[in-house]
Amino acid sequence: MKTYISKADTLDVTLTGAVTGGVAALVGAQCFGVPMIDGIAGDVVAFVREGVFSDQPTDTGAAWTFGDALYWDNTAHVFTKTATNNLRVGFAGAAKLSGDTTATVVIDRRVG
């Protein structure tokens, strides 16, 4: 097909702010993923938009079980189970204790 570009599981994104490679981020209102490298505003960085990622930042105060729906809190820059005002991005890839600050997450670009 002449117009097909890619599956969009990895996407080159022009950054609007700084990102850290390996740590989830949101660019614009819907482009969520994990940048492959560090970058600053104006850089073009490949974002992995689907997969299982360890050591991702999370809110504290809530425990998770495998499969819990997860959202991205773009104010605190953490994964959370709180849906209000947050973008649905995937689900918990493993259990998390309420005091944990990082967790394994499954990002699914089709749920947002």
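User: Could we look at some of the bridges? How many join β8 to β9?

Analyst: There are three bridges between strand β8 (residues 87-92) and strand β9 (residues 102-108), and the two run antiparallel. To find the place in the structure, look for A92, which stands opposite V105 in β9.

User: And how many bridges join β6 to β8?

Analyst: Four bridges join strand β6 (residues 69-73) to β8, again in an antiparallel arrangement. Here you can look for L70, whose bridge partner in β8 is G90.

User: Now the whole protein, please. How many helices and how many strands does the protein have?

Analyst: The count is zero helices and nine strands. Reading along the sequence gives the pattern β-β-β-β-β-β-β-β-β. The radius of gyration of the protein is 14 Å, close to the 13 Å from the globule rule for 112 residues, so the protein is as compact as a globular protein of that length. Along the principal axes, the C-alpha atoms fill a box of roughly 45 × 30 × 25 Å.

User: How should I think about pockets?

Analyst: Rolling a probe the size of a water molecule over the atoms shows where empty space is left. In this protein, the largest pocket has a volume of about 180 Å³. It is lined by 14 residues, and the closest to its centre are A18, V19, A25, L26 and H77.

User: Which strand gives the largest share of that lining?

Analyst: Strand β2 (residues 25-27) does, with three residues. By class, the lining of the largest pocket holds nine nonpolar, five polar and no charged residues.

User: One last thing: where is confidence lowest, and where is it highest?

Analyst: First, the general idea: where pLDDT is low, the predicted coordinates should not be read in detail. Here the mean pLDDT of the protein is 94, and 99% of its residues reach 70 or more. Confidence is lowest in strand β1 (residues 10-14), at a mean of 94, and highest in β7, at 98.

Key
Residues are numbered from 1 along each chain as its sequence is written. This is a predicted model: local features need pLDDT of at least 70, side-chain atom pairs count only at pLDDT 80 or more; totals for chains, interfaces and linings use all residues. Side-chain values use heavy atoms; hydrogens and water are left out. Two strands pair if DSSP finds at least two bridges between them. On a 1 Å grid over the protein atoms alone, a cavity is a set of points where a 1.4 Å probe fits but cannot get out, and a pocket is an open set with protein on both sides within 12 Å along at least five of seven lines; lining residues have an atom within 4 Å of a point. Grid points are joined across faces, edges and corners, and a volume is the space filled by probe spheres set on the points. Ala, Val, Leu, Ile, Met, Phe, Trp, Tyr, Cys and Pro count as nonpolar, Asp, Glu, Lys and Arg as charged, and the others, Gly among them, as polar. pLDDT is the predictor's confidence in each residue, from 0 to 100. The radius of gyration is taken over C-alpha atoms; the globule rule is 2.2 Å times the number of residues to the power 0.38.
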